[in-house]
Each structure stands twice: as C-alpha cells, then as structure tokens.
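Trainee: Hi! Could you help me learn to read a protein structure, one feature at a time?

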Amino acid sequence: MAAHRKPRQFPLGGQAARTAATVALASAATATLFEGSGHAEPRLTPAQVKAEVDRLYQEAEVATEKYNGAKEKAEVARGALDRLRDEAARRTDRLNAGRAGLGSVATAQYRSGGLDPAVQLALTSDPEQYLERAAIAEKAGERQAAALTSVRRELAGIRQLRAESTRRLAELRGHEDDLRRQKSAVQSKLAEARTLLARLTAEERARYEAAVAGSGRAGAGASGGTGSGTGAGVRADRASEPRGPIAAPNARAAEAISFARAQIGKPYVWGATGPSAYDCSGLTQASWRAAGVSLPRTTYTQINAGQRVSRSELAPGDLVFFYSGISHVGLYIGGGQMIHAPRPGAPVRVAPIDEMPFAGATRVG
C-alpha cells in the first residue's frame with residue numbers, strides 16, 4: 001500500500017524560499033515598469049509645446065471661421081423664415097376677412113328665403129323697386145365672385161408660404177447643427193492647447209507668454225505662403241514692399257485704420273465682433289463698418305469682397321490673408337505691418353505680415 005501513496009510536498013525554506021521571493025518581486029517590478037512606461041506621456045520640450053499649441057490655435061481659428069460662416073447662414077435662414085411667417089400671418093388675416101364677407105352674403109341669402117328671382121318679381125308690389133334692387137344684387141354678385149377669387153388666391157398663397165417655411169426651417173436646423181459641430185471643434189482645440197500649456201513649468205510658461213506678447217517672428221511665414229510663391233519670387237516681392245509710414249490712399253481706408261488702432265489691446269475671443277473683444281475677421285469687419293463699408297463675416301468671404309492685389313501693391317487699409325485655407329486676416333497699415341486679432345491670449349496688436357504664411361490681399365472701399 002505504501003508504494004501507491006502520493007509523495008508528500010514540502011514547502012520551500014531557507015535560501016530557496018528567499019531566492020524564489022526575490023525572482024517573483026523582480027518579475028512584478030519589471031512588469032510594472034513596462035506597463036507604466038507604455039502609458040506615460042512623453043515629455044515635450046518647451047519648443048515642442050509651443051509648436052503644438054501654435055498648430056492647435058491655427059486649427060481652432062479654421063474652425064472659428066467655419067463657425068462664423070455657419071452662424072451667418074443660420075441668421076439669414078432665420079430671418080427669411082420669420083419674414084415668411086409674417087407674410088403667412090398677413091395672408092391669413094386677409095383670408096379670414098374674405099371668409100367673413102362671404103359669410104355675410106350667405107346669411108343675407110338665407111334670410112331672403114333663397115327664392116327664385118322670377119318668383120320674387122311676381123310677388124312684389126313694386127316691380128320697379130324690385131328691378132332696382134336686382135341690379136344692385138347683380139353688382140353684389142360680381143363683388144362676391146371677386147371675393148371668392150381672392151379667397152382662393154389667399155389659400156394658394158398660404159399653402160405656398162407654408163411649404164417654403166418648411167424648407168427654410170429644415171435649412172435653419174441644418175445650419176444650427178453645423179454651428180454646434182464647429183463650436184465643439186473650436187472648444188476641443190482650445191482645451192487641448194490649454195492642457196499642453198499646463199504642462200510647462202512657471203518659468204517655461206513665462207517665456208512662452210513673453211514670446212506670444214512679442215511683435216512677431218521675422219520671416220516666420222517665409223516657407224508657407226501661398227499667395228506670393230516661394231524662393232526668389234518671395235524675396236523679390238518682399239524687397240518691393242513699401243517700408244516706413246504710408247498715408248492711407250483715401251478717407252475710408254484712413255477711418256478703418258483709425259478704428260482698428262483704437263481696438264489695440266482688446267482681447268481675442270473666437271466668434272466676437274466687438275466692441276469689447278474680436279476674432280480676426282470680426283476686427284476687420286468692424287473696422288471697415290466704421291468707415292461705412294459692409295464686409296461679409298468670414299475670412300474666406302472677405303477675400304472676395306473687393307479687388308485682389310499682389311503683395312507688392314499693398315496699400316494701407318487692404319485686407320491681408322494668411323494660410324492656405326484663408327483662415328486668418330489682418331488690416332494692412334503700411335511698412336510691412338498690420339493690425340490683427342491674433343488668437344486667444346494675444347490681444348489686438350500691430351504685427352509684421354511676415355509672421356504668418358501670406359495667402360493674398362484684397363482692396364475694399
């Protein structure tokens with residue numbers, strides 16, 4: 001029977017137990033190390049943070065201009081819908097008035113018993129008076145027919161207005177959906193930028209803020225411009241740019257520049273059109289509005305609001321646009337400088353047009 005017994009298991013003890021425990025702890029530590037390193041966020045240098053934040057702000061500005069466009073379209077659609085509803089209400093009032101008039105005629109006919117005209121003539125004691133009344137009734141009948149025609153016309157008009165209102169309402173809802181999407185995109189990009197900036201030390205953040213508050217980086221847009229070409233073409237174009245103070249070409253341009261100068265120092269707020277804050281296209285729109293010129297709301301519509309001019313032809317008051325997607329705009333003031341609303345954290349200020357990739361210019365007014 002002893003030959004069939006299961007061998008007894010003895011626990012590790014002494015040096016063997018200590019060795020096994022050491023191996024187990026080392027394995028666990030190694031696994032934890034690899035697991036932790038797999039999820040750790042890489043430490044970005046201040047320069048990398050700045051580059052990433054710049055990219056996020058630029059993408060936020062693209063979304064801001066799309067938001068501005070969707071908002072403008074929604075306002076147009078809402079205005080059209082309100083006008084349609086007002087017209088439908090007026091037509092409904094006219095329809096009700098016409099129906100009331102027809103009801104009065106029908107009531108009068110009922111009270112007269114609806115007798116045949118020949119019978120009424122036979123029964124009357126004064127045929128001449130009857131014939132006179134019949135002539136009046138005939139004219140009333142013509143007016144009644146006209147009233148019926150008017151009622152039918154109002155009914156058809158109301159049906160048409162209701163159909164158009166339904167279409168406009170669907171259009172408005174589509175623009176409102178787009179508005180919400182673009183707003184979410186802007187807020188997401190700005191939140192990402194804030195998260196990155198929060199990873200900087202106090203000293204790094206101070207250096208970053210000082211760089212943003214500066215007057216711009218000379219030649220920063222040299223390698224991305226789409227409106228003036230690259231290489232020798234860009235250098236030749238810049239060499240021909242006017243330098244130093246230049247008088248505005250006309251009174252309206254001078255007024256627009258004067259207004260923009262008065263806004264210097266006010267904060268950038270996406271979607272804002274003043275008077276306490278602006279985004280880039282909101283500032284240029286408000287500046288030219290002060291000069292009596294109405295500009296559309298967005299960068300990609302403002303660039304088509306006047307005559308295109310080359311970089312070498314720039315004059316004070318011209319609108320200058322940046323990036324391939326035409327997502328930023330400033331007001332040129334001469335000497336290679338502009339007034340613009342840069343981005344969150346950077347208030348309205350004077351800056352060189354070289355600080356961003358130049359995309360084109362337009363002369364308005």
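**Reading the features**

Mentor: Gladly! Y323 counts as partly exposed, because its relative accessibility is 22%. Keep in mind that this is a predicted model.

Trainee: Where is Y323 found?

Mentor: Y323 sits in the loop between β2 (319-322) and β3 (328-334). Its backbone deserves a look too: phi is positive, about 75°, although Y323 is not a glycine.

Trainee: Is I326 buried or exposed?

Mentor: I326 is buried, because its relative accessible area is 16% and buried means under 20%.

Trainee: How do I read a salt bridge?

Mentor: Start with the general idea: side chains of opposite charge can pair when their charged atoms come close. This structure holds 18 salt bridges. In one of them R90 pairs with E87, and the closest N and O atoms are 2.8 Å apart.

Trainee: Why are R90 and E87 separated by about one helical turn?

Mentor: Because they are 3 residues apart in helix α2 (residues 46-111). R90 is partly exposed at 45% relative accessibility, and E87 is partly exposed at 21%.

Trainee: Which residues form a salt bridge with R168?

Mentor: E164 does, with the closest N and O atoms 3.5 Å apart, and so does E171, at 3.6 Å. E164 and R168 are 4 residues apart in helix α4 (residues 127-198), about one turn of the helix. E171 and R168, also in α4, are 3 residues apart. Elsewhere, salt bridges that share partners join E52, R55, E59 and K189 into one network.

Trainee: How do I read the cover of a whole helix?

Mentor: Look at its residues one by one. Helix α8 (residues 280-290) is mostly covered, with 9 of its 11 residues buried. Among them are C280, L283 and W288.

Trainee: What should I look for around α8?

Mentor: Just after α8, G292 takes a positive phi of about 90°. In the loop between α7 (251-262) and α8 you will find P275. The peptide bond from G274 to P275 is cis, with omega near 0°.

Trainee: And how many helices and strands are there in the protein chain?

Mentor: The chain has 9 helices and 6 strands. Of its 365 residues, 34% count as buried.

Note on methods. Residues are numbered from 1 along each chain as its sequence is written. This is a predicted model: local features need pLDDT of at least 70, side-chain atom pairs count only at pLDDT 80 or more; totals for chains, interfaces and linings use all residues. Side-chain values use heavy atoms; hydrogens and water are left out. Buried means under 20% relative accessible area, exposed over 50%, partly exposed in between (1.4 Å probe, protein chains only). Helices (H or I, at least four residues) and strands (E, at least two) are DSSP runs, numbered from the N terminus. A salt bridge is a side-chain nitrogen of Lys or Arg within 4 Å of a carboxyl oxygen of Asp or Glu.
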